[in-house]
Amino acid sequence: MTIAVIGRGPIGSAAARHLARAGHAVLLIGPAEPADKAAHTGVFASHWDEGRITRALDPDSYWSAVSRASIARYAQIEAESGIGFFTESGAMIAAPAGSDYMRRVADVQAEAGIVAETLRGAELAARFPCFAFPPGIETRFEARGAGHVNPRRMVAAQTEAARRAGAVVVAATALRLETGATGVDVITDAGDFHADRVLVANGGWANTLLPQPLPLAVYARTIAFFALDPDEVAALGDMPTLVYRTPGGDVPYLLPPIRYPDGRMYVKIGGDPDDRPLASTDAVADWFRSGGSADVGAYQRDLIAGLMPGLNTARMHTEACVTVFTPEDRPAIRRLDARMSVAVAGCGRGAKCADELGRIAAGVVTA
Ligand SMILES: Cc1cc2nc3c(=O)[nH]c(=O)nc-3n(C[C@H](O)[C@H](O)[C@H](O)COP(=O)(O)OP(=O)(O)OC[C@H]3O[C@@H](n4cnc5c(N)ncnc54)[C@H](O)[C@@H]3O)c2cc1C
């Protein structure tokens, strides 16, 4: 059976690897990342970055389970492709002690037997002097099997592993899908392709290809980056990733120093104070080209200045991204008809667990 996977992102590339390893003829169709995003007029992606947090702990047992299944296969994917993408920096979750959020994290930890230390007060300050939490904050720290993945390299690894398993990689953007008696024609900007079945896995652009739109919410996200000098990088040598439920109810997240394609090391903070939906694909593309919101960037700068008082926040820039949600806060992975399936909506955390979401999608499209 020939299966066309539309979208060469974390989920689509993972599905392609699983399908190719299962012996199917796979076409993995998606464009390369543009060199100049501000001038780009095509589709964008939610993974064009160097860092995504990965961890087993989560307040939601579903997201913990799919993340653990994926993390368990990182080494295999790296070996199959020859491309590394995982950095075991450790991952921390912080929240007010006794809060509902921390209770849910603790429940998932207990249910799944996740190894994580509980740190608070003077012990927390001594172990992680880079952070200055207010009183009353409790943390869970996962030292092993957690940290960050490089999503660009993860997609490259999945794509290469899929290719080595026989998948054909097509650098093209799908313009429309035409279902007929013998299969699906995928009309792209680089020619037409025919497949028995198709898996639509193109993130925030899914509804441009689907016959009936799914109820997907695409939210504007701003990320603030802080450039570091070498001595600052050295001082942050043991900084883990951090997801922090603040006493005020916001959930910023931080990544430790990571090198970017411009050669510089950056700490970054994400987590918007509000969910701002983008109503159309034109609005999504405009948002990506905008480079993010100055107001959200200022909010993030204030947050990180309070949380990491030693950090020099002078050299800051923002970037734009989007997250795609379903009303159920679960990915949309399902069969739409005899020939077409869909696997989209990472719900803001679909990079770390993409291999498991791709594996599930591969099962759905071939069922
Ligand atoms: C700021 C930010 C921070 C995040 N932090 C984390 C984190 O710390 N941890 C975590 O696990 N997740 C995180 N996420 C979420 C994660 O990045 C996404 O869930 C993940 O990228 C979703 O993967 P995807 O394959 O569904 O979509 P995408 O990454 O958007 O990939 C879809 C692909 O489809 C392609 N495409 C689009 N249209 C077409 C078309 N017509 N034809 C062919 N190809 C097409 C695109 O070019 C793209 O390559 C974050 C997201 C954002 C925005």
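Colleague: What should I know about numbering and confidence before I start?

Modeller: Residues are numbered from 1 along each chain as its sequence is written. The model is predicted, so to speak, by rule: local features need pLDDT of at least 70, side-chain atom pairs count only at pLDDT 80 or more, and totals for chains, interfaces and linings use all residues.

Colleague: Into which domains is the protein divided?

Modeller: Domain bounds come from an automatic or database domain assignment. Here domain 1 takes in 2–49 + 151–215 + 330–366, and domain 2 takes in 89–148 + 217–325. Their C-alpha centres lie 29 Å apart.

Colleague: How many residues of domain 1 and domain 2 are in contact?

Modeller: Two residues are in contact if their C-beta atoms, placed from the backbone, lie within 7 Å. By that rule 14 residues of domain 1 meet 11 residues of domain 2. The side of domain 1 that touches domain 2 has six nonpolar, seven polar and one charged. Ala, Val, Leu, Ile, Met, Phe, Trp, Tyr, Cys and Pro count as nonpolar, Asp, Glu, Lys and Arg as charged, and the others, Gly among them, as polar.

Colleague: How do I read a pair of packed helices, and what is the case for H1 and H6?

Modeller: Two packed helices are described by the angle between their axes and the distance between the axes. Helices (H or I, at least four residues) and strands (E, at least two) are DSSP runs, numbered from the N terminus. Axes are lines fitted to C-alpha atoms, for helices over the stretch in contact, and angles run from 0 to 180 degrees between N-to-C directions. The axes of H1 (residues 10–21) and H6 (residues 151–164) come within 8 Å and cross at roughly 20°. H1 is therefore roughly parallel to H6. Angles under 35 degrees count as roughly parallel, over 145 as roughly antiparallel, 65 to 115 as roughly perpendicular and the rest as oblique.

Colleague: Is the crossing of H1 and H6 left-handed or right-handed?

Modeller: A crossing is left-handed if the near helix is turned anticlockwise from the far one by less than a right angle, and right-handed if clockwise. H1 passes H6 in a left-handed crossing. Residues in this contact include Ala-14 and Arg-17 of H1 and Met-154 and Val-155 of H6. The contact divides into nine nonpolar, three polar and one charged.

Colleague: At what angle do H1 and H10 pack?

Modeller: H1 and H10 (residues 354–366) pack at about 55°, with axes 7 Å apart. The two are therefore oblique to each other, and their crossing is right-handed. Among the residues in contact are Ala-14 and Arg-17 of H1, with Leu-357 and Arg-359 of H10. This contact divides into nine nonpolar, two polar and three charged.

Colleague: Which residues come nearest to the ligand?

Modeller: A residue is near a molecule or strand if its C-beta atom, placed from the backbone, lies within 6 Å of it. Of the 39 residues around the ligand, Gly-9, Gly-203, Cys-321, Gly-346 and Gly-350 come nearest. The shell divides into 19 nonpolar, 15 polar and five charged. Domain 1 and domain 2 each give at least three residues to the shell. H1 and strand E14 (217–228) are among the elements that each supply at least two.
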